[in-house]
Amino acid sequence: MTSRSEKTVLLRGGDVHSPADPFATAMVVQGDSIAWVGSEGAADSFADGVDEVVHLEGALVTPAFTDAHVHTTATGLALTGLDLTGVAGLAPALERIRAHAAARPADRVLLGHGWDASAWPEQRPPSRRELDEATGGRPLYLTRTDVHSAVATTALLDLVPGVRELPGYAPDAPLTGAAHHAVRAAAYGALTPAQRTEAQRAARARAAALGIGSLHECAGPEISGEDDLTGLLRLAAEEPGPRVTGYWAEAVTSAADAERIRALGAVGAAGDLFADGSLGSHTACLHEPYADRPGHTGTAQLDAAAVAAHVTACTEAGLQAGFHAIGDAALTAVVDGVRAAADNLGLARIRAARHRVEHAEMMTPEHIAAFAELALTASVQPAFDAAWGGEDALYARRLGTERARTLNPYAALLRAGVPLALGSDSPVTPLDPWGTVRAAAFHRTPEHRISVRAAFTAHTRGGWRATGRDDAGVLVPGAPADYAIWRTGDLVVQVPDDRVANWSTDPRSGTPGLPDLTPGTALPVCLRTVVAGHTVYAGPNE
(Lines give C-alpha, C1' and ligand atoms only; values in the text may rest on other atoms or scores of the structure.)
Protein backbone atom coordinates (compact mmCIF):
# COMPACT_ATOMS: atom_id res chain seq x y z
CA MET A 1 0.00 0.00 0.00
CA THR A 2 1.28 3.44 -0.85
CA SER A 3 0.86 6.42 1.42
CA ARG A 4 -0.72 8.45 -1.37
CA SER A 5 -4.31 9.18 -0.24
CA GLU A 6 -5.66 9.14 -3.79
CA LYS A 7 -4.36 5.69 -4.74
CA THR A 8 -6.60 4.16 -7.41
CA VAL A 9 -7.40 0.43 -7.37
CA LEU A 10 -9.25 -1.64 -9.96
CA LEU A 11 -10.88 -4.86 -8.77
CA ARG A 12 -11.97 -7.13 -11.63
CA GLY A 13 -12.94 -10.67 -12.54
CA GLY A 14 -15.39 -11.35 -9.72
CA ASP A 15 -18.90 -10.54 -8.58
CA VAL A 16 -19.51 -7.07 -7.13
CA HIS A 17 -22.67 -6.84 -5.04
CA SER A 18 -24.06 -3.45 -6.02
CA PRO A 19 -27.51 -1.99 -6.66
CA ALA A 20 -25.85 0.23 -9.27
CA ASP A 21 -25.35 -2.79 -11.53
CA PRO A 22 -26.72 -6.24 -10.60
CA PHE A 23 -24.29 -7.84 -13.09
CA ALA A 24 -21.17 -5.94 -12.01
CA THR A 25 -17.87 -7.80 -12.10
CA ALA A 26 -15.48 -4.90 -11.50
CA MET A 27 -15.06 -1.85 -9.28
CA VAL A 28 -12.72 1.14 -9.12
CA VAL A 29 -11.72 2.65 -5.77
CA GLN A 30 -10.12 6.08 -5.67
CA GLY A 31 -8.68 7.04 -2.30
CA ASP A 32 -11.30 6.38 0.34
CA SER A 33 -14.32 6.25 -2.00
CA ILE A 34 -15.93 4.03 -4.60
CA ALA A 35 -15.42 5.66 -8.01
CA TRP A 36 -17.06 3.23 -10.43
CA VAL A 37 -18.89 -0.12 -10.58
CA GLY A 38 -19.52 -1.98 -13.81
CA SER A 39 -18.78 -4.78 -16.25
CA GLU A 40 -15.56 -6.56 -17.12
CA GLY A 41 -15.48 -5.12 -20.62
CA ALA A 42 -15.69 -1.56 -19.38
CA ALA A 43 -12.95 -2.29 -16.82
CA ASP A 44 -10.40 -2.50 -19.63
CA SER A 45 -10.61 1.25 -20.11
CA PHE A 46 -9.45 1.79 -16.52
CA ALA A 47 -6.66 -0.79 -16.40
CA ASP A 48 -3.81 1.41 -17.62
CA GLY A 49 -4.61 4.38 -15.39
CA VAL A 50 -4.78 2.76 -11.95
CA ASP A 51 -2.12 2.18 -9.32
CA GLU A 52 -3.12 -1.41 -8.58
CA VAL A 53 -5.21 -4.15 -10.18
CA VAL A 54 -6.76 -6.79 -7.92
CA HIS A 55 -7.70 -9.94 -9.85
CA LEU A 56 -10.67 -11.36 -7.96
CA GLU A 57 -10.60 -14.76 -9.68
CA GLY A 58 -14.32 -15.22 -9.16
CA ALA A 59 -14.46 -13.89 -5.59
CA LEU A 60 -17.41 -11.90 -4.27
CA VAL A 61 -17.06 -8.24 -3.26
CA THR A 62 -19.63 -6.82 -0.84
CA PRO A 63 -19.90 -3.80 1.43
CA ALA A 64 -18.13 -4.47 4.72
CA PHE A 65 -20.48 -5.42 7.52
CA THR A 66 -21.43 -3.13 10.37
CA ASP A 67 -21.96 -4.79 13.75
CA ALA A 68 -24.43 -2.41 15.38
CA HIS A 69 -23.94 -3.55 18.99
CA VAL A 70 -20.64 -4.67 20.50
CA HIS A 71 -18.67 -4.43 23.71
CA THR A 72 -15.17 -4.26 22.32
CA THR A 73 -13.01 -4.67 25.41
CA ALA A 74 -15.16 -7.49 26.79
CA THR A 75 -15.03 -9.16 23.38
CA GLY A 76 -11.26 -8.98 23.35
CA LEU A 77 -11.04 -10.32 26.90
CA ALA A 78 -13.19 -13.29 25.90
CA LEU A 79 -11.00 -13.89 22.85
CA THR A 80 -7.76 -13.75 24.82
CA GLY A 81 -8.87 -15.04 28.23
CA LEU A 82 -11.33 -17.31 30.01
CA ASP A 83 -14.32 -18.11 27.79
CA LEU A 84 -16.89 -20.64 29.01
CA THR A 85 -19.11 -20.35 25.93
CA GLY A 86 -20.28 -23.82 24.95
CA VAL A 87 -18.88 -25.57 28.04
CA ALA A 88 -21.12 -28.58 28.65
CA GLY A 89 -21.46 -28.56 32.43
CA LEU A 90 -20.36 -27.42 35.86
CA ALA A 91 -17.36 -29.76 36.24
CA PRO A 92 -15.66 -28.80 32.95
CA ALA A 93 -16.38 -25.15 33.71
CA LEU A 94 -14.60 -25.39 37.07
CA GLU A 95 -11.71 -27.23 35.46
CA ARG A 96 -11.32 -24.48 32.87
CA ILE A 97 -11.39 -21.86 35.66
CA ARG A 98 -8.62 -23.73 37.52
CA ALA A 99 -6.47 -23.89 34.40
CA HIS A 100 -6.97 -20.20 33.66
CA ALA A 101 -6.07 -19.20 37.21
CA ALA A 102 -2.90 -21.29 37.03
CA ALA A 103 -1.95 -19.76 33.67
CA ARG A 104 -2.43 -16.12 34.83
CA PRO A 105 -0.63 -15.87 38.18
CA ALA A 106 0.07 -12.13 37.83
CA ASP A 107 -3.49 -10.94 37.09
CA ARG A 108 -4.90 -8.79 39.87
CA VAL A 109 -8.42 -9.94 38.98
CA LEU A 110 -9.28 -12.99 36.88
CA LEU A 111 -11.90 -12.21 34.23
CA GLY A 112 -14.13 -14.63 32.37
CA HIS A 113 -17.33 -14.85 30.41
CA GLY A 114 -19.90 -17.11 28.85
CA TRP A 115 -21.38 -19.56 31.36
CA ASP A 116 -24.97 -20.61 30.77
CA ALA A 117 -26.29 -22.88 33.50
CA SER A 118 -29.60 -23.32 31.64
CA ALA A 119 -27.68 -25.54 29.20
CA TRP A 120 -25.91 -27.57 31.91
CA PRO A 121 -27.16 -30.85 33.42
CA GLU A 122 -26.82 -29.33 36.92
CA GLN A 123 -29.03 -26.34 35.99
CA ARG A 124 -27.07 -24.12 38.35
CA PRO A 125 -24.00 -21.87 38.16
CA PRO A 126 -20.89 -22.54 40.23
CA SER A 127 -21.25 -21.63 43.88
CA ARG A 128 -19.03 -19.07 45.56
CA ARG A 129 -17.34 -21.85 47.54
CA GLU A 130 -16.58 -23.77 44.34
CA LEU A 131 -15.16 -20.64 42.71
CA ASP A 132 -13.04 -19.83 45.77
CA GLU A 133 -11.57 -23.33 45.61
CA ALA A 134 -11.00 -23.28 41.84
CA THR A 135 -9.13 -19.95 41.97
CA GLY A 136 -7.17 -20.59 45.12
CA GLY A 137 -8.97 -17.71 46.83
CA ARG A 138 -8.15 -15.09 44.17
CA PRO A 139 -10.53 -12.40 42.84
CA LEU A 140 -12.61 -13.70 39.91
CA TYR A 141 -15.42 -12.03 37.95
CA LEU A 142 -17.33 -14.35 35.63
CA THR A 143 -20.28 -13.11 33.58
CA ARG A 144 -23.22 -15.15 32.40
CA THR A 145 -23.53 -15.36 28.61
CA ASP A 146 -26.04 -12.46 28.53
CA VAL A 147 -23.74 -10.28 30.71
CA HIS A 148 -26.72 -9.29 32.89
CA SER A 149 -25.60 -11.36 35.85
CA ALA A 150 -22.31 -12.72 37.12
CA VAL A 151 -20.72 -14.92 39.74
CA ALA A 152 -17.72 -13.77 41.76
CA THR A 153 -15.34 -15.07 44.37
CA THR A 154 -15.28 -13.94 47.98
CA ALA A 155 -11.95 -12.21 47.37
CA LEU A 156 -13.48 -9.97 44.70
CA LEU A 157 -16.55 -9.16 46.79
CA ASP A 158 -14.24 -8.12 49.61
CA LEU A 159 -12.78 -5.46 47.30
CA VAL A 160 -16.19 -3.77 46.90
CA PRO A 161 -17.23 -2.03 50.14
CA GLY A 162 -20.94 -2.32 50.89
CA VAL A 163 -21.70 -4.69 48.02
CA ARG A 164 -23.57 -7.10 50.28
CA GLU A 165 -26.12 -4.38 51.07
CA LEU A 166 -26.80 -3.46 47.44
CA PRO A 167 -29.88 -4.58 45.47
CA GLY A 168 -29.10 -7.66 43.42
CA TYR A 169 -26.84 -9.31 46.02
CA ALA A 170 -27.66 -12.72 47.45
CA PRO A 171 -25.33 -14.82 49.62
CA ASP A 172 -24.84 -17.57 47.04
CA ALA A 173 -26.62 -16.60 43.84
CA PRO A 174 -25.53 -14.72 40.74
CA LEU A 175 -25.13 -10.98 41.15
CA THR A 176 -27.65 -8.76 39.36
CA GLY A 177 -28.60 -5.08 39.36
CA ALA A 178 -26.62 -2.59 41.40
CA ALA A 179 -24.51 -5.26 43.10
CA HIS A 180 -23.46 -6.64 39.73
CA HIS A 181 -22.61 -3.19 38.38
CA ALA A 182 -20.47 -2.39 41.42
CA VAL A 183 -18.54 -5.65 41.18
CA ARG A 184 -18.09 -5.25 37.43
CA ALA A 185 -16.66 -1.76 37.95
CA ALA A 186 -14.16 -3.12 40.45
CA ALA A 187 -13.17 -6.02 38.19
CA TYR A 188 -12.64 -3.92 35.08
CA GLY A 189 -11.03 -1.19 37.14
CA ALA A 190 -8.26 -3.66 37.92
CA LEU A 191 -7.31 -3.89 34.25
CA THR A 192 -4.14 -2.08 33.33
CA PRO A 193 -4.22 0.25 30.31
CA ALA A 194 -2.02 -2.24 28.47
CA GLN A 195 -4.45 -5.11 29.14
CA ARG A 196 -7.36 -2.99 27.94
CA THR A 197 -5.57 -1.98 24.75
CA GLU A 198 -4.52 -5.59 24.09
CA ALA A 199 -8.14 -6.68 24.36
CA GLN A 200 -9.39 -3.91 22.10
CA ARG A 201 -6.80 -4.73 19.46
CA ALA A 202 -7.76 -8.40 19.57
CA ALA A 203 -11.45 -7.60 19.11
CA ARG A 204 -10.87 -5.22 16.20
CA ALA A 205 -8.55 -7.73 14.53
CA ARG A 206 -11.16 -10.49 14.83
CA ALA A 207 -13.83 -8.19 13.43
CA ALA A 208 -11.64 -7.23 10.46
CA ALA A 209 -10.91 -10.90 9.74
CA LEU A 210 -14.66 -11.50 9.48
CA GLY A 211 -15.33 -8.72 6.98
CA ILE A 212 -16.62 -6.25 9.56
CA GLY A 213 -15.66 -2.69 8.71
CA SER A 214 -17.55 -0.82 11.42
CA LEU A 215 -18.42 -1.44 15.08
CA HIS A 216 -20.96 0.34 17.25
CA GLU A 217 -19.42 0.35 20.72
CA CYS A 218 -22.14 0.33 23.38
CA ALA A 219 -20.37 1.75 26.42
CA GLY A 220 -21.65 3.33 29.59
CA PRO A 221 -21.05 3.86 33.28
CA GLU A 222 -22.72 0.55 34.20
CA ILE A 223 -20.75 -1.35 31.54
CA SER A 224 -17.30 0.19 31.18
CA GLY A 225 -15.53 3.33 32.27
CA GLU A 226 -15.03 6.56 30.37
CA ASP A 227 -11.35 5.69 29.94
CA ASP A 228 -12.36 2.49 28.18
CA LEU A 229 -14.47 4.34 25.59
CA THR A 230 -12.06 7.21 25.01
CA GLY A 231 -9.13 4.80 24.77
CA LEU A 232 -10.97 2.67 22.21
CA LEU A 233 -11.92 5.68 20.09
CA ARG A 234 -8.33 6.91 20.22
CA LEU A 235 -7.04 3.47 19.21
CA ALA A 236 -9.47 3.33 16.27
CA ALA A 237 -8.35 6.76 15.11
CA GLU A 238 -4.65 5.92 15.33
CA GLU A 239 -4.45 2.30 14.17
CA PRO A 240 -5.83 0.51 11.09
CA GLY A 241 -8.94 -1.57 11.60
CA PRO A 242 -12.71 -1.32 11.66
CA ARG A 243 -14.27 2.06 12.32
CA VAL A 244 -15.70 2.52 15.82
CA THR A 245 -18.82 4.57 16.52
CA GLY A 246 -19.20 5.21 20.23
CA TYR A 247 -22.40 5.30 22.27
CA TRP A 248 -22.51 6.23 25.94
CA ALA A 249 -25.45 4.92 27.95
CA GLU A 250 -26.14 7.63 30.49
CA ALA A 251 -29.34 9.59 31.04
CA VAL A 252 -29.37 13.15 29.74
CA THR A 253 -31.50 15.82 31.36
CA SER A 254 -29.75 19.00 30.21
CA ALA A 255 -27.63 20.52 27.47
CA ALA A 256 -24.63 20.24 29.79
CA ASP A 257 -25.16 16.47 30.07
CA ALA A 258 -25.30 16.20 26.30
CA GLU A 259 -22.11 18.19 25.83
CA ARG A 260 -20.27 16.03 28.35
CA ILE A 261 -21.24 12.91 26.40
CA ARG A 262 -20.16 14.53 23.14
CA ALA A 263 -16.84 15.38 24.77
CA LEU A 264 -16.24 11.65 25.30
CA GLY A 265 -16.46 11.21 21.52
CA ALA A 266 -19.86 9.47 21.62
CA VAL A 267 -22.42 10.14 18.89
CA GLY A 268 -25.35 9.36 21.14
CA ALA A 269 -26.59 8.87 24.68
CA ALA A 270 -27.77 5.44 23.67
CA GLY A 271 -26.84 1.78 23.47
CA ASP A 272 -27.23 -0.03 26.76
CA LEU A 273 -29.13 2.62 28.68
CA PHE A 274 -31.08 -0.04 30.52
CA ALA A 275 -34.86 0.01 30.58
CA ASP A 276 -34.64 -3.58 31.84
CA GLY A 277 -32.30 -6.58 31.89
CA SER A 278 -32.34 -9.94 30.09
CA LEU A 279 -34.60 -12.97 29.83
CA GLY A 280 -31.83 -15.39 30.73
CA SER A 281 -31.19 -13.63 34.04
CA HIS A 282 -34.94 -13.13 34.73
CA THR A 283 -34.40 -9.35 34.71
CA ALA A 284 -36.17 -8.40 31.46
CA CYS A 285 -39.31 -6.50 32.48
CA LEU A 286 -42.56 -8.25 31.53
CA HIS A 287 -46.25 -7.41 31.69
CA GLU A 288 -47.00 -10.97 32.85
CA PRO A 289 -44.84 -13.15 35.13
CA TYR A 290 -42.13 -15.50 33.94
CA ALA A 291 -43.36 -19.03 33.22
CA ASP A 292 -40.54 -20.53 35.27
CA ARG A 293 -40.66 -18.01 38.12
CA PRO A 294 -44.30 -17.39 39.08
CA GLY A 295 -45.07 -13.94 40.42
CA HIS A 296 -41.84 -12.45 39.09
CA THR A 297 -41.99 -9.91 36.23
CA GLY A 298 -38.35 -8.81 36.07
CA THR A 299 -36.82 -5.43 36.81
CA ALA A 300 -37.93 -2.06 35.47
CA GLN A 301 -35.00 0.35 35.37
CA LEU A 302 -36.66 3.25 33.55
CA ASP A 303 -40.27 4.39 33.42
CA ALA A 304 -41.99 6.34 30.64
CA ALA A 305 -41.33 9.68 32.35
CA ALA A 306 -37.57 9.01 32.53
CA VAL A 307 -37.57 7.91 28.89
CA ALA A 308 -39.43 11.07 27.84
CA ALA A 309 -37.03 13.32 29.75
CA HIS A 310 -34.00 11.66 28.16
CA VAL A 311 -35.38 11.73 24.62
CA THR A 312 -36.52 15.34 24.97
CA ALA A 313 -33.14 16.54 26.25
CA CYS A 314 -31.21 14.58 23.61
CA THR A 315 -33.44 15.78 20.77
CA GLU A 316 -33.12 19.41 21.84
CA ALA A 317 -29.33 18.99 21.99
CA GLY A 318 -29.16 17.30 18.57
CA LEU A 319 -27.93 14.07 20.16
CA GLN A 320 -29.17 10.58 19.32
CA ALA A 321 -30.97 8.85 22.19
CA GLY A 322 -31.48 5.15 22.73
CA PHE A 323 -32.30 2.40 25.18
CA HIS A 324 -31.82 -1.26 25.93
CA ALA A 325 -35.28 -2.85 26.10
CA ILE A 326 -36.08 -6.56 25.84
CA GLY A 327 -39.29 -7.33 27.77
CA ASP A 328 -42.72 -6.18 26.64
CA ALA A 329 -43.21 -3.95 29.69
CA ALA A 330 -39.85 -2.26 29.10
CA LEU A 331 -40.73 -1.70 25.46
CA THR A 332 -44.06 -0.20 26.48
CA ALA A 333 -42.22 2.24 28.77
CA VAL A 334 -39.85 3.20 25.93
CA VAL A 335 -42.63 3.67 23.38
CA ASP A 336 -44.80 5.66 25.77
CA GLY A 337 -41.85 7.85 26.74
CA VAL A 338 -40.75 8.56 23.18
CA ARG A 339 -44.33 9.35 22.20
CA ALA A 340 -44.59 11.78 25.12
CA ALA A 341 -41.42 13.49 23.86
CA ALA A 342 -43.00 13.68 20.40
CA ASP A 343 -46.10 15.29 21.88
CA ASN A 344 -43.84 17.90 23.46
CA LEU A 345 -41.38 18.58 20.63
CA GLY A 346 -43.32 17.50 17.56
CA LEU A 347 -43.25 14.18 15.75
CA ALA A 348 -41.05 15.48 12.92
CA ARG A 349 -38.19 16.36 15.28
CA ILE A 350 -38.32 12.96 16.95
CA ARG A 351 -38.37 11.12 13.63
CA ALA A 352 -35.47 13.18 12.28
CA ALA A 353 -33.30 12.30 15.29
CA ARG A 354 -33.38 8.56 14.46
CA HIS A 355 -33.39 7.41 18.06
CA ARG A 356 -32.75 3.70 18.52
CA VAL A 357 -33.69 0.75 20.70
CA GLU A 358 -31.32 -2.14 21.33
CA HIS A 359 -32.62 -5.74 21.26
CA ALA A 360 -36.37 -4.96 21.04
CA GLU A 361 -37.18 -8.65 21.41
CA MET A 362 -40.65 -8.95 22.94
CA MET A 363 -42.44 -6.72 20.44
CA THR A 364 -46.22 -6.55 20.22
CA PRO A 365 -48.09 -5.27 17.14
CA GLU A 366 -48.66 -2.03 19.04
CA HIS A 367 -44.94 -1.64 19.70
CA ILE A 368 -44.14 -2.27 16.04
CA ALA A 369 -46.63 0.36 14.90
CA ALA A 370 -45.15 2.85 17.37
CA PHE A 371 -41.58 2.15 16.22
CA ALA A 372 -42.68 2.88 12.65
CA GLU A 373 -44.53 6.06 13.64
CA LEU A 374 -41.62 7.37 15.71
CA ALA A 375 -38.91 6.24 13.24
CA LEU A 376 -37.14 4.24 15.96
CA THR A 377 -34.37 2.00 14.69
CA ALA A 378 -34.52 -1.56 16.02
CA SER A 379 -30.93 -2.65 16.67
CA VAL A 380 -31.38 -6.42 16.89
CA GLN A 381 -29.33 -9.58 17.33
CA PRO A 382 -30.64 -12.55 15.31
CA ALA A 383 -28.12 -14.89 16.94
CA PHE A 384 -30.20 -14.57 20.13
CA ASP A 385 -32.99 -16.45 18.39
CA ALA A 386 -30.54 -19.00 16.97
CA ALA A 387 -29.14 -19.63 20.45
CA TRP A 388 -32.25 -19.42 22.63
CA GLY A 389 -35.30 -19.52 20.33
CA GLY A 390 -37.41 -22.55 19.43
CA GLU A 391 -39.93 -24.56 21.39
CA ASP A 392 -37.46 -26.40 23.66
CA ALA A 393 -34.90 -23.70 24.42
CA LEU A 394 -34.34 -20.92 26.93
CA TYR A 395 -36.97 -18.44 25.72
CA ALA A 396 -39.71 -21.07 25.83
CA ARG A 397 -38.69 -22.08 29.36
CA ARG A 398 -38.68 -18.48 30.54
CA LEU A 399 -41.89 -17.36 28.83
CA GLY A 400 -43.81 -20.45 27.77
CA THR A 401 -44.09 -21.54 24.15
CA GLU A 402 -46.83 -19.11 23.14
CA ARG A 403 -45.06 -15.94 24.27
CA ALA A 404 -41.67 -17.21 23.11
CA ARG A 405 -42.98 -17.56 19.55
CA THR A 406 -43.64 -13.81 19.41
CA LEU A 407 -40.02 -12.82 20.01
CA ASN A 408 -37.85 -11.06 17.44
CA PRO A 409 -40.54 -10.51 14.75
CA TYR A 410 -38.22 -9.27 12.00
CA ALA A 411 -40.65 -9.79 9.12
CA ALA A 412 -43.37 -7.75 10.83
CA LEU A 413 -40.88 -4.99 11.63
CA LEU A 414 -39.79 -4.74 8.00
CA ARG A 415 -43.37 -4.83 6.71
CA ALA A 416 -44.19 -1.89 8.99
CA GLY A 417 -41.21 0.09 7.71
CA VAL A 418 -39.16 -0.05 10.92
CA PRO A 419 -35.43 0.47 10.20
CA LEU A 420 -33.36 -2.56 11.20
CA ALA A 421 -29.67 -2.69 12.12
CA LEU A 422 -28.12 -6.07 12.91
CA GLY A 423 -25.42 -6.84 15.43
CA SER A 424 -24.07 -9.46 17.80
CA ASP A 425 -23.91 -7.89 21.28
CA SER A 426 -20.51 -9.57 21.37
CA PRO A 427 -19.36 -11.20 23.59
CA VAL A 428 -22.97 -12.26 24.37
CA THR A 429 -22.94 -13.95 20.97
CA PRO A 430 -19.81 -14.06 18.81
CA LEU A 431 -18.86 -11.69 16.03
CA ASP A 432 -20.26 -13.65 13.05
CA PRO A 433 -21.83 -11.50 10.33
CA TRP A 434 -22.83 -14.19 7.83
CA GLY A 435 -24.09 -16.33 10.70
CA THR A 436 -26.17 -13.35 11.83
CA VAL A 437 -27.69 -12.96 8.36
CA ARG A 438 -28.41 -16.70 8.30
CA ALA A 439 -30.10 -16.53 11.70
CA ALA A 440 -32.46 -13.78 10.50
CA ALA A 441 -33.26 -15.59 7.26
CA PHE A 442 -33.80 -18.94 8.97
CA HIS A 443 -35.42 -17.70 12.20
CA ARG A 444 -36.63 -20.52 14.42
CA THR A 445 -40.16 -19.14 14.08
CA PRO A 446 -40.90 -19.26 10.34
CA GLU A 447 -43.28 -16.29 10.21
CA HIS A 448 -40.50 -14.02 11.52
CA ARG A 449 -38.03 -14.89 8.74
CA ILE A 450 -36.80 -12.27 6.28
CA SER A 451 -34.95 -12.65 3.00
CA VAL A 452 -31.18 -13.01 2.96
CA ARG A 453 -31.03 -9.77 0.98
CA ALA A 454 -33.06 -7.87 3.60
CA ALA A 455 -30.94 -9.24 6.43
CA PHE A 456 -27.72 -8.47 4.56
CA THR A 457 -28.89 -4.90 3.94
CA ALA A 458 -29.73 -4.48 7.63
CA HIS A 459 -26.23 -5.72 8.54
CA THR A 460 -24.48 -3.35 6.12
CA ARG A 461 -26.41 -0.25 5.10
CA GLY A 462 -28.73 -0.54 8.11
CA GLY A 463 -25.89 -0.03 10.56
CA TRP A 464 -24.79 3.15 8.81
CA ARG A 465 -28.33 4.46 8.67
CA ALA A 466 -28.65 3.85 12.39
CA THR A 467 -25.93 6.48 12.88
CA GLY A 468 -27.58 8.95 10.49
CA ARG A 469 -25.55 8.11 7.37
CA ASP A 470 -27.54 7.24 4.22
CA ASP A 471 -24.58 7.31 1.83
CA ALA A 472 -22.65 4.29 3.07
CA GLY A 473 -22.82 0.54 3.46
CA VAL A 474 -23.41 0.05 -0.26
CA LEU A 475 -21.06 -0.22 -3.24
CA VAL A 476 -22.04 2.72 -5.44
CA PRO A 477 -19.99 5.67 -6.74
CA GLY A 478 -19.36 8.19 -3.99
CA ALA A 479 -19.82 5.76 -1.12
CA PRO A 480 -17.01 5.10 1.37
CA ALA A 481 -14.62 2.38 0.18
CA ASP A 482 -15.44 -0.04 2.98
CA TYR A 483 -15.70 -3.49 1.44
CA ALA A 484 -14.81 -7.15 1.89
CA ILE A 485 -13.74 -9.83 -0.57
CA TRP A 486 -15.09 -13.35 -0.05
CA ARG A 487 -14.49 -16.88 -1.24
CA THR A 488 -17.89 -18.46 -1.59
CA GLY A 489 -20.03 -20.77 -3.70
CA ASP A 490 -22.79 -19.96 -6.17
CA LEU A 491 -24.71 -16.75 -5.61
CA VAL A 492 -28.46 -17.10 -5.18
CA VAL A 493 -31.52 -15.09 -4.22
CA GLN A 494 -33.02 -16.64 -1.07
CA VAL A 495 -36.43 -15.80 0.32
CA PRO A 496 -38.12 -17.13 3.46
CA ASP A 497 -41.55 -17.90 1.99
CA ASP A 498 -42.12 -21.65 1.52
CA ARG A 499 -44.85 -20.97 -1.01
CA VAL A 500 -42.26 -19.98 -3.60
CA ALA A 501 -38.84 -21.28 -4.48
CA ASN A 502 -36.41 -20.68 -1.65
CA TRP A 503 -33.59 -19.79 -4.00
CA SER A 504 -32.97 -18.75 -7.57
CA THR A 505 -29.97 -18.29 -9.80
CA ASP A 506 -31.95 -16.79 -12.68
CA PRO A 507 -30.03 -13.67 -13.82
CA ARG A 508 -33.16 -12.29 -15.49
CA SER A 509 -34.43 -11.22 -12.06
CA GLY A 510 -31.85 -8.42 -12.02
CA THR A 511 -31.39 -8.96 -8.30
CA PRO A 512 -27.76 -9.13 -7.11
CA GLY A 513 -27.11 -12.57 -5.71
CA LEU A 514 -25.66 -13.45 -2.33
CA PRO A 515 -24.13 -16.66 -0.94
CA ASP A 516 -26.38 -19.62 -0.21
CA LEU A 517 -26.85 -19.51 3.57
CA THR A 518 -29.00 -22.62 3.95
CA PRO A 519 -28.21 -24.13 7.38
CA GLY A 520 -25.49 -26.71 7.02
CA THR A 521 -23.76 -25.01 4.11
CA ALA A 522 -20.32 -23.49 4.58
CA LEU A 523 -20.30 -19.76 5.25
CA PRO A 524 -18.21 -17.43 3.04
CA VAL A 525 -14.54 -17.01 3.95
CA CYS A 526 -13.14 -13.50 4.17
CA LEU A 527 -10.10 -12.93 1.95
CA ARG A 528 -9.65 -9.20 2.47
CA THR A 529 -11.30 -6.35 4.37
CA VAL A 530 -10.83 -2.73 3.32
CA VAL A 531 -11.86 0.35 5.33
CA ALA A 532 -11.68 3.82 3.78
CA GLY A 533 -9.58 2.40 0.96
CA HIS A 534 -6.99 0.82 3.31
CA THR A 535 -6.60 -2.93 3.72
CA VAL A 536 -7.18 -3.81 7.38
CA TYR A 537 -7.21 -7.57 6.92
CA ALA A 538 -5.65 -9.86 4.31
CA GLY A 539 -6.09 -13.61 4.54
CA PRO A 540 -3.11 -15.97 4.42
CA ASN A 541 -3.47 -16.47 0.65
CA GLU A 542 -3.87 -12.78 -0.14
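Helices α18 and α19 cross in a right-handed sense (the near helix is turned clockwise from the far one by less than a right angle). Axes are lines fitted to C-alpha atoms over the stretch in contact, with angles from 0 to 180 degrees between N-to-C directions; helices are DSSP runs of H or I with at least four residues, strands are runs of E with at least two, and both are numbered from the N terminus. Contact means heavy atoms within 4.5 Å, and among the residues making it are Trp434 of α18 and Phe456 of α19.

This is a predicted model, where local features need pLDDT of at least 70, side-chain atom pairs count only at pLDDT 80 or more, and totals for chains, interfaces and linings use all residues. Residues are numbered from 1 along each chain as its sequence is written, and side-chain values use heavy atoms, leaving out hydrogens and water.

Now to the loop between β18 and α18, which holds Asp425 and Pro427. The Ser426 to Pro427 peptide bond is cis, with omega near 15°, and Asp425 has a positive phi near 60°. Most peptide bonds are trans, and most residues other than glycine have a negative phi. Asp425 counts as buried because its relative accessibility is 6% (buried is under 20%, exposed over 50%, partly exposed in between, with a 1.4 Å probe and protein chains only).
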